[in-house]
Amino acid sequence: MTIVMDNINENVGENVVGLEEIESEDDCENAFHFDSREFVLGVDSEADFVDLNPKLLTEENVKNLNFPNLDVAYKFYNNWYGKLKGFSARKGKERKNGMEEIIEKTYLCHREGKRPINTNERTGKKKREAKPETRCLCPAKMKVRLDVHSGRWNVTKFCDAHNHEMLNPKYTGMLPAHRKLSEADILEMNNMRNAGITTPQIYGSFASQSGGYNNVGFRKRDLYNEIGRQRMLQLSDAKGAIKHLREREQNEGSMFWRHTTDSEGRLQRLFWCDGQCQVDYKLFGDVLAFDATYRKNKYHFPLVVFSGINHHNQSTIFASCLVADETEETYVWVLEQLMVAMKGKMPSAVITDGDLAMRNAIKRVLPNAHHRLCAWHLCRNAASNVKNPKMVSMFRKCMLGDYEVSEFKHRWEVMVKEFRLEENNWVKELYEKKRMWATTYIRGNFFAGFRTTSRCEGLHGQLGKFVHSRTDLVGFLKNYGRFLEVLRYNELEADFESVRGEMVLETNLHALERSASKIFTKEVFILVRPALARGSTMRVMGCTQLMSQTIFTVSKYGRSQKEWQVSYIAEPLFLKCSCQRMESFGLPCDHIIGVMVHLNIQEMPKCLVLSRWTMGVKDSAYEIRDGRNSIWDSVFDARCGYLDFLCKKMNRLGGRSATRFNEIKDWVSTKINLYSEAHLTSGDWNENGTDEGGPTLKDPIRVGSKGCAAGSSSQARRRPHKCRQCGVAGHNRTTCPKKTKYEASIELGEVSIPFSNFFKLFDFSTIDVM
């Protein structure tokens, strides 16, 4: 705060009492009561407000104030003076000069003026309750005018004659003008929203940090308003989604995304996968499962998720796509984009739920992949087409049983004859597709344990915790990224559990078990260990020596009627069993383990180890591409987290001293302006995303899920409600027209009602039972 004298070039000296030298109320009065023509009290910033004494600040004193800009003037009248007195300010009229520069500004009391008359309110036709009238023509105001010589804003008029009662100090902070979200509050709110925290929980967190809800400085409604304002700044949801993917591509380098539009320029398909997804597909993309899930965004676009199994036997996601329909051409486009993103690597096996459009698309794009149908969906279809539980049970045994071809055909013929299904067209078509579902014909093709799409359903259930049917596209992509981060953190935890300590040996084959525990991950080793335990019960019944290999005949101890043949080659070491468990699941069977025990092999040979199941499969996968980590936003989040920690520490230290506060504030403001200008000139800043996705990209329209008839709804399919009194639809028991007749008849004693029906006339649901 500065005190200056107009028209006097000399120093005031001892005649002017500085505010920092005031020691009594008399001195304070002398400091404020000076001739306004000669003395002007300059308020330079909000920090000067604390030097003013509100009890001694009269209207004449206020007229002697001046401000460096309009912002400080408004904060003085609203944030400081109005809050202390019990009102808030509004910005009123302003005057401009010939150059359209503001030279005069008026600030009014928040109760100035009169609300226009609404005819609906007067006639009672308004559905909602009318809001209380807060305008009462209050004349209080403060007017400031620009001094062209000094460049400061002088108070030219000040009226403090309010015609209403002032608010109690405990209510003043609830006025809209005194409720404000700072930039730091908005940043913290956005960070918590990105972490999936709900708005009420965010408000509770602010209250906990502030020491109570009274000290927050804004209301919960202000958070919702800020969220809505941010959504309004985004001109198009589709363009915002494209902008989000483009920014990720600039940050990561390996991000892949493609989109298409319809004839009207609306977003129709959106495919994306980040660098880590591509790495996972390179390692575990030999088996691919994909299914569509619904009602995960506000447009009801089906979400197609490509997934597989990683080295911990966990579900992992390779790519995702939002589509407007589920036609064959759509699935062809999706699979083509998958092949482009994955550098043309095709999976050896694919599993789906049997959708016809999916099957045709797989034949066209992935002709060499072995397509397997989901066992659960086949059982459900069998139950709906045959409607016989015994047949479904027998069909399930035929489908999942590990039979020879002759035995499978015999069991199928028995099932068809027993239930008289010779003329059933669905059964005939199902048998023609037996190579897509029967274990007898699938055996030997690697599916990594996939028999159903239940893993896909599990992923859909987990995704439902992050998105819902009201999520927009931008929010969907952000929350989907969080969902992927959770899956990858689960994988990281499994990696830690695999390398932490050594597995406890439980079988009698200690050497083989210890060798396997050092190669396989923990979850896969748990699947291998039972084979090691059963391997000790196997017996070699015979041996046939051929020119290049040896054939061992193996059977279980005490069960010699069932035999398996194990091929053995010494150099290089190679083992193969007729059960084809190794080819189907990628894990050694107990028959091979029995031969290894017979040959005294004490280490797990490389021919029985698939790299996809080992602990070191991803050692070389975490690549740094173009100086950026392939894991999405991990470096960026770490930097922001550390800067946030430093800023909070600086806030606590700098807020205790005015000198430190001003020093830190000036330094931070300078850096923010410097980095903002550099960010704007770099060419990667686009606040509203107006040029993302082209000038014609529009938001999609809401679509219906596959199978929904046009115009169908839950209301149309719902049964009409019938009256419990008379059984007629259109009314309930309370409004039943026959109710009065029944009651009148009972009162007059004209109707004889059975005791059991008498209680149906009355509602005892509201009676409290002691």
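Glu485 is partly exposed, with a relative accessible area of 27%, in what is a predicted model. Its partner in a salt bridge is Arg488, and the closest N and O atoms of the two are 4.0 Å apart. Arg488, at 16% relative accessibility, counts as buried, because the cut-off for buried is under 20%.

**Salt bridges**

- Glu485 and Arg488 both sit in helix H19 (residues 473–499), three residues apart, which is about one turn of the helix.
- Now look at helix H9 (residues 237–252), where Glu252 and Arg248 are four residues apart and so separated by about one helical turn.
- The side chains of Glu252 and Arg248 meet in a salt bridge, at 3.2 Å from N to O.
- Glu252 counts as buried at 2% relative accessibility, and Arg248 is buried too, with a relative accessible area of 6%.
- Another salt bridge joins Arg529 to Glu513, with 3.7 Å between the closest N and O atoms.
- That one links distant parts of the chain: Arg529 belongs to helix H21 (residues 522–535) and Glu513 to helix H20 (residues 510–519), 16 residues apart.
- Both Arg529 and Glu513 are buried.
- Some bridges share partners, and in this way Arg248, Glu252, Asp274, Glu485 and Arg488 are joined into one network.
- How many salt bridges are there by this rule? The count comes to 29.
- As background, side chains of opposite charge can pair when their charged atoms come close.

**Around helix H20**

**Nonpolar cores**

- The largest nonpolar core has 61 residues, and those with the most contacts inside it are Phe271, Trp272, Phe290, Phe306, Leu335, Leu338 and Tyr480.
- Which helix gives the most to this core? Helix H11 (residues 328–341) does, with eight residues.

**A buried threonine**

- Thr172 has its place in helix H5 (residues 169–172).
- Is Thr172 buried or exposed? Thr172 is buried, with a relative accessible area of 1%, so it falls under the 20% cut-off.
- Setting aside neighbours within four places in sequence, the contacts of Thr172 are Gly82, Lys83, Gly86, Phe87, Leu167 and His178.

**A nonpolar patch on the surface**

- Over on the surface, Tyr642, Leu643, Phe645 and Leu646 form a nonpolar patch, and together they have about 420 Å² of accessible area.
- Leu646, one of the patch residues, is found in helix H24 (residues 634–654).
- Leu646 counts as partly exposed, at 35% relative accessibility, because that label covers values between the 20% cut-off for buried and the 50% cut-off for exposed.

Conventions. Residues are numbered from 1 along each chain as its sequence is written. This is a predicted model: local features need pLDDT of at least 70, side-chain atom pairs count only at pLDDT 80 or more; totals for chains, interfaces and linings use all residues. Side-chain values use heavy atoms; hydrogens and water are left out. A nonpolar core is a set of buried Ala, Val, Leu, Ile, Met, Phe, Trp, Tyr and Cys residues joined through side-chain atoms within 4.5 Å. Buried means under 20% relative accessible area, exposed over 50%, partly exposed in between (1.4 Å probe, protein chains only). Helices (H or I, at least four residues) and strands (E, at least two) are DSSP runs, numbered from the N terminus. Contact means heavy atoms within 4.5 Å. Patches are made of residues with over 30% relative accessible area and no salt bridge: like charges are joined within 9 Å, nonpolar side chains (Val, Leu, Ile, Met, Phe, Trp, Tyr) within 5 Å. Accessible areas come from the Shrake-Rupley method with a 1.4 Å probe; for residues, only the protein chains shown count as cover.
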